[in-house]
Amino acid sequence: MKIKIGNDIVQIERIANLDEPTKKKIFHKTELNKSKPETLAGIFAAKEACKKVFNDLDWLDIEIKKKKNGKPVLILNDELIEFTNSDLSISHDGDYATAIVIFT
Amino acid sequence: MKRDVTSIQNLIENFLNNNKDNIVLNQKKGYRTFNIAGQELKTKINKTRIFLANKNIKKGDKIIIIASNSIEYVILYLSCILSGIIVVPLDVFTDLTLLKKIKNQVKPKAVFQTKDLENLTKQTENIKGKPKNSKILPKDILQIIYTSGTTGDPKGVVLTNENITAGLNSAVQTIPLKIKLKTLNLLPLSHIFSQVYGLFFSMYFNHEIFFIDTIQTRKIISFIKNKKINGVILVPGILQSIKNRLEKKSILSNLGSQFRIIGVGGTYLPIELEKFWKSRLISVIQGYGLTETSSIVSGNTIIGKTGSVGKIAENVEVKIAKDGEILVKGKNVFPGYFKDKEKTQQVFKNNWFKTGDLGEIKNNYLYLKERKKDIIITSSGLNVYPVDIELVLNKMPEIDESCVLQKENQVHAVLILKQKTNPENIIKQANKTLLSHQKIQSFSIWPETSFPKTLLGKIKKYQVLELISSKPKAEPLTYKDKLSNVIHNTLKSSQKINLKSKLSDLGMDSLKRVELISKLELTFETEINETAINQYTTVNDLQKIIKEPALSGIKFKTWPLNPLVKLTRIIFQNFLFYPYIRIFNKTEYSGAENLKLASKPAIFVSNHQSVLDVPMINKILKKNDFKPAIPADSYHVFGIGGRGNIFKKLYMKLRGFCTALFYNGYPFGETIGTDKSLEFTGEMIDRDYSIIIFPEAQRTRDGKMNPFKPGIGYLALNMNVPIVPIKITGLHKIMPAGRYAIPNFGKSKINIGSPISPEKFEKLSYITATKLIEKKVREL
């Protein structure tokens, strides 16, 4: 079984201070709706983690949705991914948010 | 001469009644332009009036509107005027402290922001009946407009119905523009200039009004061309940006030959700028007025005097005081500032209103000498009080005295330094405490120990400006400077920026890369592909990327929509192509009743099997009165962004031409960029054309569907029209991919699914939208 893993950590403040046009390049409006800075930073970390695995993914090719129990779910542009399974975990504490993503 | 306007209410009613079936308002939102005809506008206004009455907002009550221009804004604004509700319109950039002050002073019954306006349509949908009319008298207050105050109290200019009516009458008689015009109003409706010249004036002459939701020069220019705009209302700052963008290009081909009139005011108009347009036979109508005078004191006609702000307006009395100040009297002059008798008394002298501007009258034409107020009005229409900035500067130990004024439309500080220091640091320090629109943009050092002053000790700013302007002009910011600035401000590296510096060495990480691209795209008004910039990219590389062959030259082409071309197309299709295909292929259509359910225009999404897909879908659409337009890959079909020898280029040009001619194809894809692709699509849809798109972006080899590319999701979210899924079967056998001439014999099927309404996409990202549409097509 092939496994690929990606990980990222980001300062929450840096994401909170982004201007609107930049945010629109990184986040879908469905993601921006949950606008707590730590949540957004967590989403950013998750996307960055995915981009480390697949270099030519664009920010907006990735969408993070939350299930009802709060677990984040990854939705990707199918054609770019040869892996069929993925899992994602996001966390934040204090000034930082982090995410880890696994593809099999 | 048309009759005088007796009241604004009559103006509005006549306007609505005379234009029942005419489009009166247009608004560009994103990639689509929405419009409304007189009858519908009247209905919506009635509903809004009842809505307001139900909320117990009645004549004499005040509401604040703090929103950008839109059809909904006009609906609310006109509703209030008809009901005698006092409007307090505020600029969207009004800061919160000022907003609080105004709320306390005005005590509004409601505050409407952009979101509230959008909701208003939904909230008033089901209201029925007719609104009650109360008698509105000339002295009744129509609106209170706040002119941005300094750190002191804001001043609310009270304007009565009589003021606005008189002001409008003067305006329409001084500047009679009886011809039918399409006017683009680029100024916010919270400013009197925009209201009088961009709304009431147009209503009086039955002009068609347009609003746009961006200040991006490139988009304004293509809007003017595509919508065939005849005239534009703006401030000198925007006019300058448009000139800069078109300087070395053909005005005619970029704006269109129908563009004839520029209405400008609000701040000083440089003579060179006025002459630039006049020399190209475009009228520049400059006017002068203040909020306190209902926006009219003087105005030029189509053939005016360059350098002058126009003839004294009809029914307005103007005289020049001994010290050169312009004084105004007339029914258009306001009664006073809201709840501020003291400030009101300060601006009136023997019943004449003191404008605070100096000027002179020659042959009944008014010439402005100097803005006595010295207020700097930024290119986006915000007021900057030099006093505030001077206060900050003068407090600094290195500065002896400072003088802030407007130089070349910038906030400019002239400094007298106490000792030899680096002035750049001082300016940076000062800018830290100033609001964004107040920041000092350029500066110079005064060579002497004091500024020229009046007897009362006031700095003669116009002299200061003259003297610093006579020095050899500083070079305008070069392209390289601009680029360095953006890199420096985004990456915030302490290292010096030269061409060979790698962006990653200057501190660029993946987050900063996005920020950098975002800022570059805004500054240079272009689109940059993120994958083009990586850890090895140097500043030099970046320069090349931005300067890439201007795809900006590619404009929306209207010739394929020409009736003669359409006729050629019909002849080709019906008399040549379809009969030929009928020999080989029998297509069975099912689901055609769904076409009756779909509103026009719509976007048709299908799987891709052969080159016959478009013609066969085209056939059924035309039968049901849809007008198709086909997006075709900008590189593979139109050859845009391609490199090659002359023969290849010619071949591609021919191919593109044929696609446009025979199938109304237009360029769409990576090589012209997402933004342009969406712009062109929006433009087609605005003109009622339906789009046929194949999101697989390739034809199937084995009949199986390939995954959909995400572009369709973008379209679904941005175009606001229904998406109709279509499934084709059998055509891949009749005309397999790779074959273009002789088909096989066989049968095929085209199944049309039920339309998906745009509301279904509102809460989705473009990825999930693409997946949803793909599923619907697969299921057919």
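Cavity lining and chain interface

Student: Which element gives the largest share of the lining of the largest cavity?

Tutor: Helix 7 of chain B does, with four residues; helices are DSSP runs of H or I, at least four residues, and strands runs of E, at least two, numbered from the N terminus. The model is predicted, so local features need pLDDT of at least 70 and side-chain atom pairs 80 or more, while totals for chains, interfaces and linings use all residues. Residues are numbered from 1 along each chain as written, chains are lettered from A in written order, and side-chain values use heavy atoms, without hydrogens and water.

Student: Which other elements of chain B each supply at least two residues of that lining?

Tutor: Besides helix 7 (192–204), they are strand 10 (231–234), strand 11 (261–264) and strand 12 (283–288). The lining has 18 residues, with B:Leu177, B:Tyr197, B:Phe201, B:Ile233 and B:Gly263 nearest the centre of the cavity.

Student: How is a cavity found?

Tutor: Rolling a probe the size of a water molecule over the atoms shows where empty space is left. On a 1 Å grid over the protein atoms alone, a cavity is a set of points where a 1.4 Å probe fits but cannot get out; lining residues have an atom within 4 Å of a point.

Student: How many salt bridges cross the interface of chain A and chain B?

Tutor: A salt bridge is a side-chain nitrogen of Lys or Arg within 4 Å of a carboxyl oxygen of Asp or Glu. The rule finds two across this interface. B:Asp509 forms one with A:Arg14, with the closest N and O atoms 2.9 Å apart.

Note on methods: 1 Å grid on protein atoms, 1.4 Å probe; cavity = no way out; pocket = protein on both sides within 12 Å on 5 of 7 lines; lining within 4 Å.
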